Amino acid sequence: MKTIQTVPFTGTKEQEQQLLAWLDDHADEDGIALQSLQMTQQIYGYIPKEAMITIATVTGIPLSELYGITTFYSQFRLFPIGEYKISVCLGTACYVKGTQAVLDKLISTLGVEEGETTPDGKFSLETCRCIGACGLAPVITINDDVYGRLTANEVERILANY
């Protein structure tokens, strides 16, 4: 069962004003839906539902259309990225060497699914197709730190460092 993201919205009035000013300058342009979502992510670091409601209100674009665009393109994030971004390699070498067990352990330990952030905003969990460190398979990265030749048993020890 898919969990529901619980990271609270922490946008500021300044961010809201920046988005409103941008929308005021560009609301009549062609392609405003995609452009406004890109600008929103640039301002907030992700696309909060509160900002999507603002875009819908100002432009008249249905909220469902904005949500559809946001979920279609992989460049967009609906939730903020945590302080520590964990990326689990699912490339062939990593997968064959047991990365699924590592991913499963991360999911159970952090209490989030792939693509989500822990409620405290500390960790984001994502997967990627290849990190390019096949000789170290299975591999995860946490921000710029690389961990290779992992087993699921090492996950809690590694997370404790953060």
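Trainee: How many aromatic pairs does a search of the whole structure find?

Mentor: The search finds 5 aromatic pairs. Rings of Phe, Tyr and Trp (its six-membered ring) pair if their centres lie within 6.5 Å; planes under 30 degrees apart count as stacked, over 60 as edge-to-face and the rest as tilted. This is a predicted model, in which local features need pLDDT of at least 70 and side-chain atom pairs count only at pLDDT 80 or more, while totals for chains, interfaces and linings use all residues. Residues are numbered from 1 along each chain as its sequence is written, and side-chain values use heavy atoms, with hydrogens and water left out.

Trainee: How is such a pair described?

Mentor: A pair of aromatic rings is described by the distance of the centres and the angle of the planes. Phe9 and Tyr44 form a tilted pair, at 6.0 Å centre to centre and 45 degrees between the planes. Phe9 belongs to the segment before α1 (13-26) and Tyr44 to helix α2 (residues 32-44), 35 residues apart. Helices (H or I, at least four residues) and strands (E, at least two) are DSSP runs, numbered from the N terminus.

Trainee: Is Tyr44 buried or exposed?

Mentor: Buried means under 20% relative accessible area, exposed over 50%, partly exposed in between (1.4 Å probe, protein chains only). Tyr44 is buried at 13%, whereas Phe9 is partly exposed at 34%.

Trainee: Why is the pair of Tyr84 and Phe123 tilted?

Mentor: The pair is tilted because the planes stand at 35 degrees, with the ring centres 5.7 Å apart. Tyr84 lies in strand β1 (residues 84-89) and Phe123 in strand β3 (residues 123-128). Tyr84 is buried at 18%, and Phe123 is buried at 8%.
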